[in-house]
Every structure is written in structure tokens, then in C-alpha cells.
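Please look at the sequence and the structure before reading on.

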Amino acid sequence: MTDMALSADASRHRARGVAAIPCKLAAEVVAGSESYVALADEWRRLSEMQDRTALFQLPGLLAPWARHFGKGSATPVTIVVRDESRPVMIWPLAIERGALVKVATGAGGPIGQYDEILIDPGYG
């Protein structure tokens, strides 16, 4: 959705008496295991906000996974959604090339037992 569409949408909500929450979300797709190092501080901060530990989705586990299991047909990809510059969602994936299509699965397999999306619980 463009900024103009978001503004028009907010105007319609205000006209109906519904408060609009101003935000500027931007999604970024970072390919390669370098994202685990580049996003480590933000990733840990977001992980610490979770109700339970997301052990299998931490950079410290995903980096060795990428070195040993993420080679060959799997490409590590991390999706980061930011509100302004603050990350509000981090989703580590592995893109595998099949015979006809590419398939996204949770990063960390087969050693990672849980595929989780880290979302800021206080967002929204």
C-alpha cells in the first residue's frame, strides 16, 4: 500500500470516528546468513520481549545451522518488518529450490524444532 493509500484509508477511518494508528511499516528481505550477524543486537532485543524463549530462532543457533545445513539447495533468508527504524518482526526462513518451485520453510531444520516468528508483543 502506498503512503497516499494509507492516508486515504486513515481519512476514511477518522470520518467514521475510528482512531487510526500512524505507522510506517517497511519490510526488508535479507538473503544469506550474514543477516544473523548484522541483525544480532536487534534480534536479541526482540527475542527478549517474548513470553517464552525462542531458542531455535536465535542468531547463535542459526549461524552454525547455516554453515552446516544451509548449504546446497537451501538459502537462508530473513524477513524484517520495521516501524520507522525499529524492528517489530523478524522471521528467519530457508528458501529451497524444488523441481518446479521455490519453497520457504522455517530456518533451522532439521535441528530446529520450532519455527517461530519474533513479533514485538507491545506493537499495535
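Strands β2 and β3 form a hairpin with 2 residues between them, and E84 in that turn has a positive phi of about 60°. The model is a predicted one, in which local features need pLDDT of at least 70 and side-chain atom pairs count only at pLDDT 80 or more, while totals for chains, interfaces and linings use all residues. Residues are numbered from 1 along each chain as its sequence is written, and side-chain values use heavy atoms, with hydrogens and water left out.

**Overall make-up**

The protein has 4 helices and 5 strands. Helices (H or I, at least four residues) and strands (E, at least two) are DSSP runs, numbered from the N terminus. Along the sequence they follow the pattern α-β-α-α-α-β-β-β-β. Of the 124 residues in the protein, 33% are buried. Buried means under 20% relative accessible area, exposed means over 50%, and partly exposed lies in between (1.4 Å probe, protein chains only). The protein exposes about 8,100 Å², and carbon and sulfur atoms supply 58% of that area. Accessible areas come from the Shrake-Rupley method with a 1.4 Å probe, and for residues only the protein chains shown count as cover.

Contact means heavy atoms within 4.5 Å. Among the contacts with a separation of 6 or more, 62% are accounted for by residues 24 or more positions apart.

Two strands pair if DSSP finds at least two bridges between them.

| Partner of β3 | Bridges | Sense |
|---|---|---|
| β2 | 10 bridges | antiparallel |
| β4 (residues 102-106) | 5 bridges | antiparallel |
| β5 (residues 118-119) | 2 bridges | antiparallel |

R82 stands opposite P87 in β3. I95 has A104 in β4 as its bridge partner, and E96 stands opposite V103 in β4. M89 has I119 in β5 as its bridge partner. Strands β3 and β4 also form a hairpin, with 4 residues between them. In a regular strand the side chains alternate between the two faces of the sheet.

Is R97 buried or exposed? R97 lies in strand β3 (residues 86-97), and it counts as exposed because its relative accessibility is 60%. Not counting residues up to four places away in sequence, R97 touches S73 and K102. R97 and A74 are 23 residues apart in sequence, with their C-alpha atoms 7.0 Å apart in space.

**The nonpolar cores**

A nonpolar core is a set of buried Ala, Val, Leu, Ile, Met, Phe, Trp, Tyr and Cys residues joined through side-chain atoms within 4.5 Å. The largest such core has 14 residues, of which Y36, W43, L62, W65, I90, A107 and L118 touch the most other members. The elements that give two or more residues to this core are α3 (40-48), α4 (59-68), β2 (74-83) and β3. Helix α4 gives the most to this core, with 4 residues. Apart from this core lies another, of 5 residues, among them I79, V81, V88 and L93.

Y36 counts as buried because its relative accessibility is 1%. Leaving aside neighbours within four places in sequence, Y36 is in contact with residues including W43, P59, L62, W65 and A107. W43 is also buried, with a relative accessible area of 0%.

How many aromatic pairs does a search of the whole structure find? The search finds 1 aromatic pair. The rings of Y36 and W43 have their centres 5.7 Å apart and their planes at 70°, so this pair is edge-to-face. Rings of Phe, Tyr and Trp (its six-membered ring) pair if their centres lie within 6.5 Å; planes under 30 degrees apart count as stacked, over 60 as edge-to-face and the rest as tilted.

S35 has its place in helix α2 (residues 34-38) and is buried, with a relative accessible area of 1%. T78 has its place in strand β2 and is buried, with a relative accessible area of 0%. The side chains of T78 and S35 make a polar contact (2.9 Å). A polar contact is a pair of N or O atoms within 3.5 Å; within protein, one must be able to donate a hydrogen and the other to accept it, and residues adjacent in sequence count only if both atoms are side-chain atoms. Beyond neighbours within four places in sequence, S35 is in contact with V30, A40, W43 and T78. With neighbours within four places again left aside, the contacts of T78 include E28, Y36, W43, I90 and P92.
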